[in-house]
Amino acid sequence: MNLSPGWLLLLLSVCTGVRSVPLERSADRKEAKADVPEENVDTGLYYDRYLREVIEVLETDPHFREKLQMANTEDIKNGRLSKELDLVGHHVRTRLDELKRQEVSRLRMLLKAKMDSTNTQSLQMDHASLLKQFEHLDPQNQNTFEAKDLELLITTATKDLENYDAERHEEFKHYEMLKEHERREYLKGLDQEKREREERRMQELKDKHRQHPKVNAPGSVAQLREVWEETDGLDPQEFNPKTFFKLHDTNEDGVLDEQELEALFTKELEKVYNAKNEEDDMMEMEEERLRMREHVMKNVDANEDRLVTMEEFLKSTEKKEFSNAKEWETLETSPLYTEEELQRFEVDLRDREEELKRKAENLRQQQELLKERGKALEAQRKEYQQAVLEMSQRQKGQQAADGQPPAGPNGELHFQPVAQKVEDKVEHPAAEAQNSLPAEPPQNLPIHT
C-alpha cells in the first residue's frame, strides 16, 4: 500500500514512533525516488492492518478519494468524512463489510486466547459484550461496515497514536531499568576480583561512548546546514531554507511529516551511535531520534497537527533559537530514572517472575497428573485384554470337554470342513464303487488238497 498521497498522509499524520532510514541523495532526485520503493510504516497499533486495509479500499473509490484530498486535518480527526461513506460504490462497501467481519473474527480469537491463558471459563461467552472493549469498531453490528465504523476507526486511531510517543518513552525507560538490573545481577555472581575488573571495563565503555563530536540541536541552522552539505551535497554558504524544505519533502505533498523529519537527524545520530561498537546501544539511538523529532515539532509545529508546513518551517528559521541553539544534550547527560523507581521496578519484576514460576509449577503438576492418568489407563487396558483372553480360553476348554465345535473370539462355532468328501462321492460314483469292490482272487494258483 502506498502512503504517498496527501490525504493518506493526513489520515495517518499522527503516526509516530517509527524507524526512519537515512536519505541517500543522488544527482537525479527523481530517478533515485523511482528506484527506491516507499516502505509501509507500522503505526504500532494492534489494529494497524485493519486500519490500512480500510484506507486502501477507500482509496479505490474516486468520490471518496476526492473528498479526502480536499479535507483538512480537523475534518479527518473529527470523523466528518465518515458521512461520505454512503456515497461510495457497492463493490467498495462489500469489501469493507468483508474486512470488518475478518477483524471481528480476529478479535474473537484474541479474546479466546486471552481467556485460555488466564484459565477463564468461557462456556457462556458473550462476544458482543466483550467486543465493547475494542473502540475502533462498532461491536453491536458485526457484519457490515457503516459510517459509525469509519468514524470510530479514525477517532480511535487519532487518540491512540497521540499517546504512542509517551508509551514508547515508558517502554524505553523499562528497557533501561531492566538492563541495569541485569548488570547488577551479573556482577553479584562474580567474585571480588572479577567484579572489580568487570566494573572497570563497563566504566571504560561508558566513557568511550561519551567521547563523541558535538551534536547540533535538531532543527537549528547548524544541524540543517550539515544535512545540506553532507547529505544533499550542496554548498553550505548557499543554504536556503525554502529549497531545503522542498528537497526533504520526499513525497512532494507540501508538508514534512514525522518520518521525513526523523530522516534529517541521521547525521547527528551517527556522531554518537555505531552498531559495530560495543558501547553503543541502538535502542538508545532510536530513543534519541524520537526525542529530536519531538523537540522540532514542539518548536515548529504551530497548530500541533504533527505536520510541518512550508510556512511553519520558514517562520521557525526566523526565531532566535534557530541561529543560536545550544548543543544538544544526549541521553547519557541526564538519568532516565531514580534509584527508587529502579527498586520498584525490581520488586515488580520479582513478583512477575514468581508468578511465572507458580504457573510453570502448576503446568508441571498437570503434566505429571496426565502422565499418571495415562499409565493408569494403559494398565486398565492390559487388564481388560488379559481378562478377555482368559475368558476365551475357558470357553474353548469347556467346549472341548462337551464335544462341541471350538468357538471363535466372538462365540461363533467353527465346524470341520467334511462336506467336501461327500461332494466327491456324488461326483464320482463309479470310481467310488470300483474302489469298494473286493479284489479278484489270483489266477493259476496251485490247489492244495
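User: Is Phe134 buried or exposed?

Analyst: Phe134 is buried, at a relative accessible area of 11%. Buried means under 20% relative accessible area, exposed means over 50%, and partly exposed is in between (1.4 Å probe, protein chains only). This is a predicted model, in which local features need pLDDT of at least 70 and side-chain atom pairs count only at pLDDT 80 or more, while totals for chains, interfaces and linings use all residues. Residues are numbered from 1 along each chain as its sequence is written, and side-chain values use heavy atoms, with hydrogens and water left out.

User: How many aromatic pairs are there?

Analyst: The whole structure has 7 aromatic pairs. Rings of Phe, Tyr and Trp (its six-membered ring) pair if their centres lie within 6.5 Å; planes under 30 degrees apart count as stacked, over 60 as edge-to-face and the rest as tilted. Tyr46 and Phe134 make a tilted pair, because their planes stand at 55 degrees, with ring centres 5.9 Å apart.

User: Which parts does that pair tie together?

Analyst: Tyr46 is in the loop between α2 (29-35) and α3 (48-59), and Phe134 is in the loop between α7 (127-130) and α8 (147-162), so the pair ties together parts that are 88 residues apart in sequence. Helices here are DSSP runs (H or I, at least four residues), as are strands (E, at least two), numbered from the N terminus. Tyr46 is partly exposed, at 42% relative accessibility.

User: And Phe245 with Phe313, what is the geometry?

Analyst: That pair is tilted too, since the planes of Phe245 and Phe313 are at 50 degrees; the ring centres are 5.6 Å apart. Phe245 sits in helix α12 and Phe313 in helix α16 (residues 310-316), so this contact joins parts that are 68 residues apart in sequence. Both Phe245 and Phe313 are buried.

User: Which residues form the aromatic cluster?

Analyst: One aromatic cluster is made up of Trp228, Phe239, Phe244, Phe245 and Phe313.

User: Switching to charges. How many salt bridges are there?

Analyst: The count is 36 salt bridges, each being a side-chain nitrogen of Lys or Arg within 4 Å of a carboxyl oxygen of Asp or Glu. One of them joins Arg65 to Glu59 at 2.9 Å, N to O. Arg65 is partly exposed, with a relative accessible area of 25%.

User: What about Glu176 and Lys179?

Analyst: Their side chains form a salt bridge at 3.2 Å, N to O. Glu176 and Lys179 are both in helix α9 (residues 164-188), 3 residues apart, about one turn of the helix. Glu176 is buried at 11% relative accessible area, whereas Lys179 is partly exposed at 31%.

User: How far apart are the closest N and O atoms of Arg381 and Glu378?

Analyst: In that salt bridge they are 2.4 Å apart. Arg381 and Glu378 are about one helical turn apart, because 3 residues separate them in helix α18 (residues 339-401). Arg381 is partly exposed at 38%, and Glu378 is partly exposed at 32%.

User: Which residues do salt bridges with shared partners join into one network?

Analyst: Asp165, Glu258, Glu262, Arg293 and Arg306.

User: Last one. Where does Asp235 lie?

Analyst: Asp235 is in the loop between α11 (221-230) and α12 (241-248). Its relative accessible area is 37%, so Asp235 is partly exposed.
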